[in-house]
Amino acid sequence: MLMQTSALPLKPLRRGKVRDVYEIDADRLLLVATDRVSAFDVVMGETIPHKGAVLTQITAWWLRQLEGRVDHHMLSADIDEIVSAVPLLRDHREELSARTMLVRRTTVFPIECVVRGYLSGSAWKEYRESGTLAGEALPKGLRESERLDPPIFSPATKAEEGHDENITVDGMASLIGDADARELERLSREIYESGRRIAAERGIIIADTKFEFGRVPNTGREGGGTVILVDEVLTPDSSRFWPADRYEPGHGQPSFDKQPLRDYLDAEKRAGRWDGNYPPPPLPEEVIDATSARYLDIYRRLTGHSLDPNGRH
Ligand SMILES: Nc1ncnc2c1ncn2[C@@H]1O[C@H](COP(=O)(O)OP(=O)(O)OP(=O)(O)O)[C@@H](O)[C@H]1O
Ligand SMILES: [Mg+2]
């Protein structure tokens, strides 16, 4: 079942480019990944079949892989469990199936914790122009898509509107405090390293990724609460995934995910049919199908099995 926008009998908290967030109560939220797709920060008019389910189930899969090593927000991504916990959703079972996650509610740090294990995208652009990344000098002579060891932590502010802005680790510390800044960097590096290793066993390079963290209040204890991993985790929307068997530094890499969509939009721009702003051009069926196939393929490669429409594993 395709979903452009959800309409649930719950209090809506926010609508992101991809996900609709609802309040359950003081301690819990419902995250609904729709099938919306954005490219170049513009949400397309069409939906991509299975995309929401793939994003939610990939996040759930990673959180199970990381279980015991990282505290996280997932309570359930299984529709039966979710409906049992929130009976109000009983008439929405089919549309919510697989795409929905019940999570612990947190206060999210206003920081995008970006980790880069390969030199690509905006990082390559900055390096090529000034030899730096996030303002810090990198070794000379690195090539595009080159592996970075150790990976580089390059935080950005979470902008409410418009583009996120890169900040230094010191800048991050002055926003959220030294201790939390250090903790977010430590967790980000640890999760990325685990993710990169697990993905490599499956022929996937995670070139870079973005994490978000939040704080849950400690009930009945003194102190500032616990920092946990929230949001989507190591998905094709929050990360750059490359097929390892085609990896070759020195140029850009073919990527899983939205490449067919980006290629199509680039061609529309070059032809003068789209200026890069809202409204986007209509997408041909082949582009929608190719994009959907990419998302399903990455799910299969990562987890080793096909997507279950009910979100069971
Ligand atoms: N456990 C959590 N507690 C509180 N907020 C959360 C939690 N997990 C995720 N969120 C928030 O839910 C929202 C998810 O929405 P979504 O990712 O679609 O939108 P966005 O991040 O605003 O936009 P985009 O990702 O498209 O740039 C984010 O604002 C994220 O910070
Ligand atoms: Mg987001």
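**Between the domains**

I began with the ligand: domain 1 (11–106) and domain 2 (108–246) each contribute residues to the shell around ligand 1, so it lies between them. The domain bounds come from an automatic or database domain assignment.

A note on conventions: residues are numbered from 1 along each chain as its sequence is written, while chains are lettered from A and ligands numbered from 1 in the order in which they are written. This is a predicted model, where local features need pLDDT of at least 70, side-chain atom pairs count only at pLDDT 80 or more, and totals for chains, interfaces and linings use all residues.

Next I asked which residues come nearest to ligand 1. Of the 17 around ligand 1 (C-beta atom, placed from the backbone, within 6 Å of it), they are Gly-16, Lys-17, Arg-19, His-73 and Val-230. I then found that β2 (19–23), β3 (28–33), β7 and β15 (204–216) each give two or more residues to this shell. Helices (H or I, at least four residues) and strands (E, at least two) are DSSP runs, numbered from the N terminus.

I sorted the shell by type and got seven nonpolar, four polar and six charged residues. Here Ala, Val, Leu, Ile, Met, Phe, Trp, Tyr, Cys and Pro count as nonpolar, Asp, Glu, Lys and Arg as charged, and the others, Gly among them, as polar.

**Where the domains touch**

I looked up the C-alpha centres of domain 1 and domain 2, and they lie 22 Å apart. In contact (C-beta atoms, placed from the backbone, within 7 Å) are 16 residues of domain 1 and 18 residues of domain 2. On the domain 1 side, α1 (51–65) and β7 (100–104) each supply at least two residues, and α1 gives the most, with six.

Technical notes: Two residues are in contact if their C-beta atoms, placed from the backbone, lie within 7 Å.
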